Amino acid sequence: MTHSLPSFALSERAARTVEQPIGYLMAQAVSNPNLISLAAGLVDYPTLPTQAVEQVLHELLSDEVKARLALQYGTTEGFAALRVRLLEHMAHLDGLTPADFSATADDVIVTTGSQQILFVLTDILVNPGDIVIAEWPSYFVYTGALATMGAQVRCVDMDEEGIIPEALEALFQQIESEGQLPRVKIVYTCDYHQNPTGITLSADRRPRIAEIVRKYSKKHRILLLEDAAYRELTYEGDAPPSIKRHDPRNEFVALTQTFSKPFAPGLKTGYALLPRDLVEPVLLQKGSHDFGSVNLVQHLLAAAMRSGAYAAQVSRLCGHYAHKRDAMLKALEEHLGDFEPGASGASGASGGTHWTHPRGGLYVWLTLPERFDTGMAGPLFKAAMAEGVIYVPGAFCYPGDATRATPTHAMRLSFGTATIEQIHEGVRRLAAAIRRAT
Ligand code: PMP
């Protein structure tokens with residue numbers, strides 16, 4: 001006779017890992033075609049580089065020698081020719097050469113999306129109870145990983161120029177006065193067109209942020225984790241130089257970038273320039289995960305960078321998204337411009353309706369008067385669903401910082417996948433829901 005078995009005893013790590021609420025929102029959009037999703041952070045389907053990828057792949061696979069190399073296992077650190085190119089690419093974006101970073105291609109690794117390097121870097125530095133400083137609000141998939149690790153998250157305020165240096169300094173002072181400085185391992189920033197707010201850290205503040213992190217690296221080195229996922233999707237003006245630029249000896253800033261946003265997320269390939277001392281521990285850990293990301297894709301991307309197909313795609317995307325961003329800002333002005341207006345700004349601003357004006361990326365952060373509750377169980381979300389539009393409730397983007405109360409009156413709007421017409425109509429429906437939920 002068989003009897004039912006008891007449940008599995010999940011690890012503490014697994015038990016700490018919670019479902020990403022965004023999954024529900026995506027499913028809603030897929031199952032209801034009349035719903036306009038301003039929630040999805042996906043890149044736009046029609047822009048995906050199908051022909052460029054087909055051509056590069058065809059060329060690669062029709063050369064017997066190259067094809068065999070690409071179809072064999074690669075190395076844990078990634079395809080050498082690609083890493084050389086990526087280092088030059090990162091330096092070029094800063095108007096520099098690799099020597100200005102004191103870096104070689106050995107300090108660059110290729111990963112399975114930039115999510116993998118964010119995870120692995122955190123895994124090799126953070127014990128349960130250690131502190132990671134993150135922006136308020138922050139990128140929720142990364143803060144989900146922090147929950148998995150059992151990290152304590154302490155947050156720093158931003159304004160429309162990104163992290164406020166004085167607030168970062170004050171937070172470090174506070175943590176030090178609590179005797180907790182030895183627990184601080186990472187300062188994480190998504191410093192270009194941030195997910196979720198669209199805010200970019202200003203050029204002036206970059207050296208100051210780097211200097212503060214360096215200053216509080218007293219008994220151990222604190223990693224400044226610069227997640228530049230949206231850096232190349234800049235539609236207005238020049239993107240400021242990286243924070244990495246202010247680490248000329250390659251000591252304490254890890255710069256992570258990805259092919260997901262500027263090229264194709266289905267290739268799931270990211271990369272990082274790492275402080276030299278972290279390369280080996282990262283590779284050991286990545287070796288345990290997968291001993292190398294998909295080799296064929298790395299060969300494909302090296303060829304796409306060499307042929308100019310990558311650069312062409314980035315400039316095509318920037319033109320395309322610039323129109324969509326303009327459409328969203330115009331629609332917000334038209335439908336919500338007169339709705340209890342407040343000071344423009346981001347997380348630090350108080351009172352009234354206001355939204356960010358991103359110069360790139362895929363997101364606008366809309367803040368409503370404080371009496372609104374944008375949560376999924378609240379009346380506004382229900383009204384928005386009834387009107388036929390969804391958004392990401394802002395509360396999902398605030399990591400659990402035990403010292404702060406989570407604001408519930410903001411939302412993330414994305415102009416990634418909606419068409420220009422849908423952006424206009426989606427914002428119109430949203431404004432109707434907001435007026436209804438008042
Ligand atoms: N960082 C940020 C800020 C992101 O928005 C994303 C994707 N949503 C990633 C990292 C990870 O993307 P990928 O793993 O596809 O490179």
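This is a predicted model: local features need pLDDT of at least 70, side-chain atom pairs count only at pLDDT 80 or more; totals for chains, interfaces and linings use all residues.
Residues are numbered from 1 along each chain as its sequence is written. Local features need pLDDT of at least 70 and side-chain atom pairs pLDDT 80 or more, while totals for chains, interfaces and linings use all residues, and side-chain values use heavy atoms, without hydrogens or water.

**Stop 1: the whole chain**

The chain has 14 helices and 14 strands (DSSP runs, numbered from the N terminus: helices are H or I of at least four residues, strands E of at least two). Its radius of gyration is 22 Å, close to the 22 Å that the globule rule gives for 438 residues, so the chain is as compact as a globular protein of that length. That radius is taken over C-alpha atoms, and the rule is 2.2 Å times the number of residues to the power 0.38. Along the principal axes, the C-alpha atoms fill a box of roughly 70 × 65 × 55 Å.

Now color by accessibility. Of the 438 residues, 55% count as buried (under 20% relative accessible area, 1.4 Å probe, protein chains only).

**Stop 2: H13 and H14**

Select residues 379–387 for H13 and 420–437 for H14. They pack at about 135 degrees, axes 8 Å apart. Axes are lines fitted to C-alpha atoms over the stretch in contact, and angles run from 0 to 180 degrees between N-to-C directions.

**Stop 3: the contact**

Show side chains (contact means heavy atoms within 4.5 Å). H13 brings Pro379, Leu380, Ala383, Ala384, Ala386 and Glu387. H14 brings Arg429, Ala432, Ala433, Ile434, Arg436 and Ala437.

Technical notes:
Buried means under 20% relative accessible area, exposed over 50%, partly exposed in between (1.4 Å probe, protein chains only).
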